[in-house]
Amino acid sequence: MGVDLRQVVAGILTITMFVMLGQMLHRDYFDAVQVQGEAHDIEFHGSKVALVEDGLVRSSEGGPWMEDSPSLKPCWSISPPDEVVFSKGYVTFSLTNGPEYHISQITDAVMVAKHLGATLVLPDIRGSKPGDEMNFDDIYDVDKLVKSLESIVKVVKKLPSHVSLRDIAIVKVPARVAEDYIKEHIDPIFKSKGNIRVTTYFPSVNLRKSSLDGETDPVSCLAMFGSLELQPGVNDLVESMIQRLKTHSKNSGGRFIAIDLRVEILEKKNCRETGAAGSKTCYNAQEIALFLRKLGFGSDTTIYLTQPRWESSLNILKDIFPKTFTKEAIMPEDKKSKYLELENSEYENVIDFYISSRSDVFVPAIPGLFYANTVGKRIALGKPQVLVPAEISGTSGLSTDYISPYISKKNHLAYSCFC
């Protein structure tokens with residue numbers, strides 16, 4: 001009995017269609033999820049895309065690396081008022097939980113102080129343990145903050161001695177707090193107490209644009225993307241570590257990958273668990289290594305991990321990509337006593353965040369606010385190659401298929417502030 005070639009071809013096309021449909025459902029699940037709660041509970045907003053529009057990403061020669069896009073320009077415009085009138089009240093706050101939270105906390109505090117006409121007090125920086133405190137200028141540039149905000153709010157370094165802590169009311173505000181919320185919920189308290197302390201909570205850590213948001217407040221844009229800058233000493237350290245990574249990457253034109261992969265968090269999440277449509281909430285070292293290998297990254301690729309210290313579970317990644325480093329391997333020896341000696345040091349979190357923002361490729365093995373805010377900084381810097389991991393069923397895949405939808409769909413909040 002002869003075989004009808006047309007039937008064979010039709011069968012192959014049908015099977016291929018169902019395989020592609022299954023992959024699309026798997027990836028689109030991430031994009032549909034909007035998890036409420038703390039940052040460690042959010043899942044990826046990943047998406048497999050067949051085309052990246054507007055020339056946002058262009059493949060470069062020599063493999064899956066992509067060229068940077070031109071740096072974007074701020075779209076916000078703030079006209080200084082004819083006369084700035086400040087009340088006698090003060091707004092205080094602290095920066096907590098790492099730089100990915102600091103961005104939201106400074107933004108909300110500035111928004112509150114601006115719309116109340118209050119004076120903003122320079123924050124301290126607090127770690128995860130009681131008593132773990134740092135001054136703002138240990139990490140960030142005070143002059144930069146004050147100058148960037150001078151047309152919006154007055155900033156002082158500390159509370160005047162006559163203001164008692166008993167006179168300060170503590171108010172909680174949702175991340176991305178809006179002017180209407182401030183007028184309704186915070187202004188009455190401020191008028192009653194005269195001074196307030198702002199703490200930000202996160203009903204959602206999703207940073208996607210929404211048509212419900214309306215036009216983004218230019219004050220919010222400036223505070224989020226134009227106020228925090230590393231102080232010179234920390235900035236020089238980050239630059240030196242980036243240069244060391246580039247030195248290791250001579251065969252790939254100085255390009256390197258940063259992966260947000262922290263073993264302790266992966267163990268808590270149990271990445272083997274899957275959600276709807278067989279999707280995963282995070283990816284371990286072996287899965288990330290296979291993902292990158294199937295995309296075409298060679299064994300000579302240089303990789304930076306946010307993992308604080310080396311763990312044996314990472315050996316599989318180093319077996320496939322020998323040039324895989326943590327902070328301790330690339331930090332100058334004379335800097336380690338200051339920046340690595342403290343457990344859960346804020347310095348380490350800041351180093352991870354800014355290297356991940358500057359790397360040629362960023363891969364978030366763990367979803368959450370670190371991922372979302374790193375993408376925001378990368379958008380402003382014109383570094384669109386953020387690859388959301390997935391299980392690639394075949395032997396290879398295209399890196400453009402795994403670009404974060406924050407970028408491929410241009411639905412990140414940063415696109416409201418930059419153009």
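User: How many helices and strands are there in the chain?
Analyst: The chain has 14 helices and twelve strands, taken as DSSP runs numbered from the N terminus (helices H or I, at least four residues; strands E, at least two). This is a predicted model, in which local features need pLDDT of at least 70, side-chain atom pairs count only at pLDDT 80 or more, and totals for chains, interfaces and linings use all residues. Residues are numbered from 1 along each chain as its sequence is written, and side-chain values use heavy atoms, with hydrogens and water left out.

User: What share of the residues is buried?
Analyst: Of the 419 residues in the chain, 51% are buried, meaning under 20% relative accessible area with a 1.4 Å probe, protein chains only.

User: Turning to α5, is that helix mostly covered or uncovered?
Analyst: Helix α5, residues 218-226, is mostly covered, with seven of its nine residues buried. Among them are Val-219, Cys-221, Leu-222 and Met-224.

User: And what covers the buried residues there?
Analyst: The cover includes α2 (99-116) and α3 (142-149).

User: Which residue caps the N-terminal end of α5?
Analyst: Asp-217 does, through a side-chain oxygen 2.8 Å from the backbone nitrogen of Val-219.

User: Why does Thr-326 count as buried?
Analyst: Thr-326 counts as buried because its relative accessibility is 2%.

User: Which residues is Thr-326 in contact with, leaving aside neighbours within four places in sequence?
Analyst: Thr-326 is in contact (heavy atoms within 4.5 Å) with Tyr-304, Leu-305, Gln-307, Pro-308 and Trp-310.

Technical notes:
Buried < 20%, exposed > 50% of the residue type's maximum accessible area, 1.4 Å probe, protein only. Polar contact = N/O pair within 3.5 Å; in protein donor to acceptor, adjacent residues only side chain to side chain.
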